[in-house]
Amino acid sequence: MPGTRTNRIVTANPPGGPEVLRIETRPMPQAGPGEILIRAAACGVNRPDQIERMGFYPAPPGAPEGLGLEVSGHVEALGDGVSGFALGEPVCALVAGGGYSDHVVAPAGSVLPVPAGLDLVEAAGLPETVFTVWANVFEIGALLQGETILIHGGSSGIGTTAIQMAKAAGARVFTTAGTEEKCDLCRQLGADRAINYRTEDFEAIVTEAGGADLVLDMVGGSYVQKNVNLARPGARLVSIAFLQGSRVELDMMRVMLKRLTLTGSTLRARPVAEKARLAAALRKTVWPWLEAGTLRPVIDTRFALADVRSAHERLDSGTHSGKILLLP
């Protein structure tokens with residue numbers, strides 16, 4: 001709030017389950033050169049936050065203290081050299097840390113205006129997902145119109161965004177999810193085929209349908225070989241997380257015979273300039289989809305910042321669909 005001299009952040013020290021999360025008070029952050037101070041309206045809760053809370057995803061050097069990788073709110077202050085934004089303007093931003101806060105400092109290049117017609121609070125569920133999907137599906141994965149993509153975890157924040165963005169780009173979308181309700185959501189978002197991985201064999205289904213040109217995988221483990229098996233010649237397999245583990249046994253002969261590309265990425269540690277480049281691409285291509293209503297963030301639940309432990313319990317349960325938000 002204006003005039004507040006302190007700022008709440010959320011920490012996890014020592015690491016562990018949701019019970020280790022603490023709300024701590026720090027001095028009010030200041031916008032340095034090239035930065036914007038945002039008075040937060042909402043903060044997104046993401047799998048990387050869960051992994052950091054557990055002690056397996058340390059913040060990169062120089063990242064703001066505290067959990068949280070995305071935020072929406074109003075511009076509170078502009079650092080030296082920042083232009084193109086006005087005080088009080090509604091914005092959303094990707095940050096390297098400290099997103100679960102009343103006030104958040106973000107590099108100006110990672111800040112985007114809230115798309116016209118989109119609720120300010122809902123906009124907090126955009127940055128981590130749209131940056132991730134654009135970087136991995138459209139840049140690294142090079143998805144083309146008319147190609148077939150398999151998206152694992154279709155009801156997750158990343159999955160619900162990837163389905164909509166892939167459809168907006170003219171792709172055929174297959175996706176996996178763990179319940180019939182989640183599969184229904186995926187179909188409502190545009191998936192051509194939603195596969196319940198608990199009752200159906202996604203490898204057989206996608207293979208029978210002709211295979212996939214691109215796979216977006218956040219599961220890892222046994223899924224990696226199955227992804228290789230169902231891939232078309234020349235396909236790209238992009239890994240962004242490993243819910244089943246990052247160490248796998250793989251038949252590389254199939255990779256070679258099919259001329260597959262196995263790759264992946266993380267987003268948090270990328271240089272500020274790289275994130276600014278991604279933001280510019282999003283503003284050019286994805287923001288028109290948002291403003292046209294072709295793409296919308298799917299919001300699961302909203303919690304007060306003071307109830308951050310319940311938000312993480314919801315995340316840990318795996319029963320959510322779409323994004324979980326915190327409201328300072």
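Is Ala142 buried, partly exposed or exposed? Select Ala142 and find out: with a relative accessible area of 36%, Ala142 is partly exposed. (Under 20% relative accessible area is buried, over 50% is exposed and partly exposed is in between, using a 1.4 Å probe and protein chains only.)

Before you go on, know that this is a predicted model, where local features need pLDDT of at least 70, side-chain atom pairs count only at pLDDT 80 or more, and totals for chains, interfaces and linings use all residues. Residues are numbered from 1 along each chain as its sequence is written, and side-chain values use heavy atoms, leaving out hydrogens and water.

**Stop 1**

(Helices are DSSP runs of H or I with at least four residues, strands are E runs with at least two, and both are numbered from the N terminus.) Ala142 is not a glycine, yet its phi is positive, about 50°.

Now jump to Arg259, in the loop between helix 7 (252–258) and strand 13 (261–264). Arg259 is not a glycine and has a positive phi of about 60°. Arg259 counts as exposed, at 56% relative accessibility.

**Stop 2: a cis bond**

Select Asn13 and Pro14: a cis peptide bond joins them, with omega about 5°. Pro14 sits in the loop between strand 1 and strand 2.

**Stop 3: crossing helices**

Show residues 127–140 (helix 2) and 272–292 (helix 8): their axes come within 10 Å and cross at roughly 90°. That makes helix 2 roughly perpendicular to helix 8. (Axes are lines fitted to C-alpha atoms, for helices over the stretch in contact, and angles run from 0 to 180 degrees between N-to-C directions; under 35 degrees is roughly parallel, over 145 roughly antiparallel, 65 to 115 roughly perpendicular and the rest oblique.)

**Stop 4: the largest pocket**

Select Arg47, Ser156, Met218, Ala241 and Leu243, which lie nearest the centre of the largest pocket, among its 49 lining residues. (On a 1 Å grid over the protein atoms alone, a pocket is an open set of points where a 1.4 Å probe fits, with protein on both sides within 12 Å along at least five of seven lines; lining residues have an atom within 4 Å of a point.) The volume is about 1200 Å³, counted as the space filled by probe spheres set on the points, which are joined across faces, edges and corners. Helix 2 turns up again here: it gives the most to this pocket's lining, with four residues.
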